[in-house]
Structures are given as C-alpha cells and as structure tokens.
Amino acid sequence: MEILNADGQLISHLKAGTEIVIRIHYAVREALLAPRFGFGLLTEKGARVLNSVSNDSGPEIARIEGSGFVEVHIRDVTLAIGRYLCNLAVTDRTGNYCDYLRDVPLFEITQGGKLPVSRTYDQSSGIVYPEIMWELKGDL
C-alpha cells in the first residue's frame, strides 16, 4: 500500500483539506473473478471514520490476474489532527475473503488547510471538520 498526494508523491503526513490517493497493490497466483477491494479508515483509537468497497463508486472489476494495483481517491480530506489506521480486504465473487489486513498505520494529519485557526483541532474535538460558517444576524 502507498499513500500519495494529488501530485503522485509518496507521503506519510498531510494537511487537512488536501486530496490523497491510497494505492493498494495486489499479486494473485491465478485469475480472481469479480474481486471486491475494501478500505476502512479508523482513528488510532479504533473509531471508524469511513468504509468503502471498490464497486461502491467505481466500475465492477471483472477479473484480476498477475499483479497490479487499485486506487482509492479521497478529495478534500477534512479529518482532525492525529494518526489514522486502515483495514484492507479483498474478497472473491462469492464474498469469501482472499486477504484481510487490520489496523495498518496509514497517515498522520497535521494542522493546515480547512481546520480552525483559533485552536488545535485534534480527534478529541471530533473526527471530521466540514466547512462550517458562523454568522451574526442581529435581532430576529
């Protein structure tokens, strides 16, 4: 597995609000029909942030042979500062696990991008930080 920034460079740290690509390499001894690749993102304390399967938002993969890779593109990563882990899985067309890796260290979010500038926004304040706007409107 590799973590890349939007420019295709390997990274282990990133600023909140950036795009990342998670490249998952595979090697199979014989053709695997209709595989599904799974990716789960967790905080270092084990709280699930997201879970995605390759055919959720991509085309069905008919088969894989030999070696290659699949990529998970995550745009505008608005996660709190801290370390994150992932779970990776590959299943065959009947749902049987071909491989399953748990709690793999993935990356660390550092201050930046779209996180609040008034304070440190770590995982104790919440896991995601969507774009939020406060306005004072006066009397109602």
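1. First, a cut-off to keep in mind: a residue is called buried when its relative accessible area is under 20%, and exposed when that area is over 50%, with partly exposed in between. Val77 has a relative accessible area of 5%, so this valine counts as buried. Please also remember while reading on that the model is a predicted one.

2. Let's stay with Val77 for a moment. This residue sits in strand 8, which covers residues 67-77. Which residues does Val77 touch once its neighbours within four places in sequence are left aside? The contacts are Leu14, Ala16, Gly17, Thr18, Ile20 and Ile109.

3. Now the chain as a whole. How many helices and strands does the chain have? There are zero helices and ten strands, so a walk along the sequence reads β-β-β-β-β-β-β-β-β-β.

4. Some of those strands make up an open sheet of five, in the order 2-10-9-5-6 and with mixed pairing. At its edges are strand 2 (13-15) and strand 6 (48-53), each of which pairs on one side only. Neighbouring strands in this sheet are turned by 25° against each other on average, if direction is ignored.

5. Strand 2 and strand 10 (residues 97-110) run parallel, and three bridges join them. Within this part of the sheet, Lys15 stands opposite Thr110 of strand 10.

6. On to the cysteines. A disulfide is a covalent bond between the sulfur atoms of two cysteines. How many disulfides are counted here? The count is zero, going by the rule that a pair of cysteine sulfur atoms must lie within 2.5 Å. Is Cys86 buried or exposed? Cys86 is buried, because its relative accessibility is 0%. Cys98, on the other hand, is partly exposed, with a relative accessible area of 41%.

7. Last, a few overall figures. The chain has 140 residues, and 33% of them count as buried. Its accessible surface comes to about 9200 Å², with 50% of that belonging to carbon and sulfur atoms. Among contacts in the chain with a separation of 6 or more, 67% come from residues 24 or more positions apart.

Definitions and conventions. Residues are numbered from 1 along each chain as its sequence is written. This is a predicted model: local features need pLDDT of at least 70, side-chain atom pairs count only at pLDDT 80 or more; totals for chains, interfaces and linings use all residues. Side-chain values use heavy atoms; hydrogens and water are left out. Buried means under 20% relative accessible area, exposed over 50%, partly exposed in between (1.4 Å probe, protein chains only). Helices (H or I, at least four residues) and strands (E, at least two) are DSSP runs, numbered from the N terminus. Contact means heavy atoms within 4.5 Å. Two strands pair if DSSP finds at least two bridges between them. Axes are lines fitted to C-alpha atoms, for helices over the stretch in contact, and angles run from 0 to 180 degrees between N-to-C directions. Accessible areas come from the Shrake-Rupley method with a 1.4 Å probe; for residues, only the protein chains shown count as cover.
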